[in-house]
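Q: Can you walk me through this structure, feature by feature? Give me the rule, then the case.

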Amino acid sequence: MDFDLDGAQQRPQVTIRKATRDNVDFVLSNVDLALANSLRRVMVAEIPTIAIDLVEIEINTSVLADEFIAHRLGLIPLASSDADKLLNTRDCDCDQYCENCSVELTLEARCTGDATMDVYTRDLVSRSRDPKIGAPIINDTEGKGVLICKLRKHQELKLKCIAKKGIAKEHAKWSPASAIAFEYDPWNKLRHTEYWFEVDAEKEWPKSKNADWEEPPKDNEPFDYNATPERFYMDVEAVGSLPPNEIVLSGIRVLQEKLAIIVTSMKDEDSEMGY
């Protein structure tokens, strides 16, 4: 599936090769390396999502320490499609957290039988008024979600979680993507990569599937010192807080906002200098 963003050949083009619930594989062309890599970096680290930031543990008689459980809770994906409706904590007038800048979740589990009790994401109860904001994401077929801890007879876990909006620059738990594969020039025609090998580089460094999308180098072909990358192959794998297509669209939006700030600042500076 091809998309020409502005209907002109010189404009950026996107070819979607595969799109599923968990990942989107696409080819970005008619852009330079700096822009393509900027989009990758923004998708990894600067898209706002919601994640558990504070954990108030009232009772914990499990074998896991409070800090261990708090860390596991922070990595549970929460619905973030409407994360923009929440304020950043630093922009809110409250003392610590409120319904305008956070989502409250509670968990109460007690094992009363002889069998081991598993505590999953499904046991987290969201107090959000909007299911698109801060609700635990459960994508497995059994409807359990992430395993938080295990309880034996008479053990109990009771806690309250406060989820807030943030970006992965602050902490990795806010990253909407678990990985973003990024490749260009799969035949290494530009010689940006120097392969270390023992006997034969061709056998020890097999080509990726992206090599099928470009022509292989010809024998005795002269090296073009002015050549630049033309296609960029990306595979965005989501953690669940945002669908992969929303990650890409949000990355473009955030990148546009950052560029707009630069343009505005340059115009203001020119105005002050009288240009």
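A: Start with burial: buried means under 20% relative accessible area, exposed over 50%, and partly exposed in between (1.4 Å probe, protein chains only). R253, at 29% relative accessibility, is partly exposed. This is a predicted model: local features need pLDDT of at least 70, side-chain atom pairs count only at pLDDT 80 or more, and totals for chains, interfaces and linings use all residues. Residues are numbered from 1 along each chain as its sequence is written, and side-chain values use heavy atoms, with hydrogens and water left out.

Q: How many salt bridges are there?

A: A salt bridge is a side-chain nitrogen of Lys or Arg within 4 Å of a carboxyl oxygen of Asp or Glu. That rule gives 16 salt bridges. Take E46 and K258: their closest N and O atoms are 3.0 Å apart. E46 sits in the loop between α1 (33–45) and β4, and K258 in helix α4 (residues 244–273), so the pair ties together parts 212 residues apart in sequence. Helices (H or I, at least four residues) and strands (E, at least two) are DSSP runs, numbered from the N terminus. E46 is buried at 17% relative accessibility, while K258 is partly exposed at 34%.

Q: What does D84 form with R253?

A: D84 forms a salt bridge with R253, with the closest N and O atoms 3.9 Å apart. D84 lies in the loop between α2 and β5 (102–110) and R253 in helix α4, so this pair ties together parts 169 residues apart in sequence. D84 is exposed, with a relative accessible area of 53%.

Q: Which residues of helix α2 are buried?

A: An α-helix has 3.6 residues a turn, so residues three or four places apart point the same way. In α2 (residues 66–74), the buried residues are I69, L73 and G74. They cover an arc of only 140° around the axis, which puts them on the same side of α2. The arc is that of the directions from the helix axis to the C-beta atoms. Their cover includes β4 (49–60), β8 (147–151) and β9 (156–166), where contact means heavy atoms within 4.5 Å.
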